[in-house]
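Open the model in your viewer and keep the selection tool at hand. The stops below say what to pick and what you will find there.

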Amino acid sequence: MHNLGAPVSGASANSAPPQAAPITLERHRSRLSRWFDSWMRSLGMALVLFLIIKTFFFEAFQIASGSMMGTLLTGEFLFANTAVSGAQIPGTHARLPGLRSPERGDVIVFAYPKDPTQDYVKRVIGTPGDTVEMRSGEVLVNGTALSEPYVRRSDPHDVINAEFNWQRSYYLATTPEDRLRYQPSRDSWGPLLVPPHSYLVLGDNRDDSSDSRYWGFVDAAAVKGRTLLVYFSYDREKDDPLPWLTDIRWSRLGSLIH
């Protein structure tokens, strides 16, 4: 008679449960997928935030000339606050409202009036409605001498240049004859009346700077921002093969621009 409660031949009552390795591997893959998805979302948000900051708040520029020598050196890279003047909306000519207008003493970045594809960096000397003149190298604004501790002078010999003749249209002459006789020079000119929505700018390296004395006022719409700090600087005049790597001006990194 068969024993219905007896185990089947060859089977063991203590048989091991099925292996759980496939389930563990699946869980591991699931955690890895969630981590990667979270990381990609964070990276995407960081990229969007970077583009927003770069487009609407800060922009990087490079100093290619010595016109601001003393304040800024050739081979320096700087950040400018574009929110101050109103950042341009990408893909359009429209601009956001600026936080404030440039003030006298600000070092600004703007599109060069004669070639808007070039960016220039100069210091604001005259704002709309100001009367600005220079007498033997000394700047007077609204009749008062301007304190300029940032100015560097390298050539005491004054020069006359035909490019200065644009000033006649803004010269505050007492008579028409006086306007015709007006002959401005590099170190003696004016008084000039700064028109609305315009700025008179000069380089701190006063004797070696192409600025408003030569090509006129800067339109407010051309102003891109106010400079903030130097984030990288190297001596580009060195003959080393990699000056940007071997001739870094470490003391200039992070310096604020005044």
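Predicted model: local features only at pLDDT ≥ 70, side-chain atom pairs only at ≥ 80, totals over all residues.

Asn 142 sits in the loop between β6 and β7 (144-145). Check its backbone: phi is near 55 degrees, a positive value in a residue other than glycine. Asn 142 counts as partly exposed, at 45% relative accessibility.

Now pick Ser 136, in the loop between β5 (131-135) and β6 (138-141). Here too phi is positive in a residue other than glycine, near 50 degrees. Is Ser 136 buried or exposed? Ser 136 is exposed, with a relative accessible area of 71%.

Next, the bond from Gly 190 to Pro 191. This peptide bond is cis, with omega near 10 degrees. Pro 191 belongs to strand β8 (residues 189-193).

Turn to the rings. The aromatic pairs number 15. Start with Phe 77 and Phe 232, a tilted pair with 5.9 Å from centre to centre and 50 degrees between the planes. Phe 77 is in strand β2 (residues 76-81) and Phe 232 in strand β11 (residues 223-233), so this pair ties together parts 155 residues apart in sequence. Phe 232 is partly exposed, its relative accessible area being 21%; the cut-off for buried is under 20%.

Phe 79 is partly exposed at 32% relative accessibility, and Tyr 231 is partly exposed with a relative accessible area of 32%. Include Tyr 234 in the selection: ring pairs link Phe 77, Phe 79, Tyr 231, Phe 232 and Tyr 234 into a cluster.

Move to Tyr 150. Which residue lies over its face? Arg 123 does, at 3.7 Å from the ring centre.

Now show the second largest pocket, with a volume of about 190 Å³. Which strand gives the largest share of its lining? Strand β4 (residues 115-126) does, with 4 residues. For the lining, select Gln 62, Ile 63, Ala 64, Ser 65, Ser 67, Met 68, Asp 119, Tyr 120, Val 121, Lys 122 and Ser 210.

Finish by colouring on confidence. The chain averages a pLDDT of 84, and 78% of the residues score at least 70.

How values were computed:
Residues numbered from 1 in each chain as written. Heavy atoms only, no water. pLDDT = per-residue confidence, 0-100. Phe/Tyr/Trp six-rings, centres within 6.5 Å; stacked < 30°, edge-to-face > 60°. Helix = DSSP H or I, 4+ residues; strand = E, 2+ residues; numbered from the N terminus. Buried < 20%, exposed > 50% of the residue type's maximum accessible area, 1.4 Å probe, protein only. Lys NZ or Arg CZ within 6 Å of the ring centre and 35° of its normal. 1 Å grid on protein atoms, 1.4 Å probe; cavity = no way out; pocket = protein on both sides within 12 Å on 5 of 7 lines; lining within 4 Å. Points joined across faces, edges and corners; volume = space filled by probe spheres on them.
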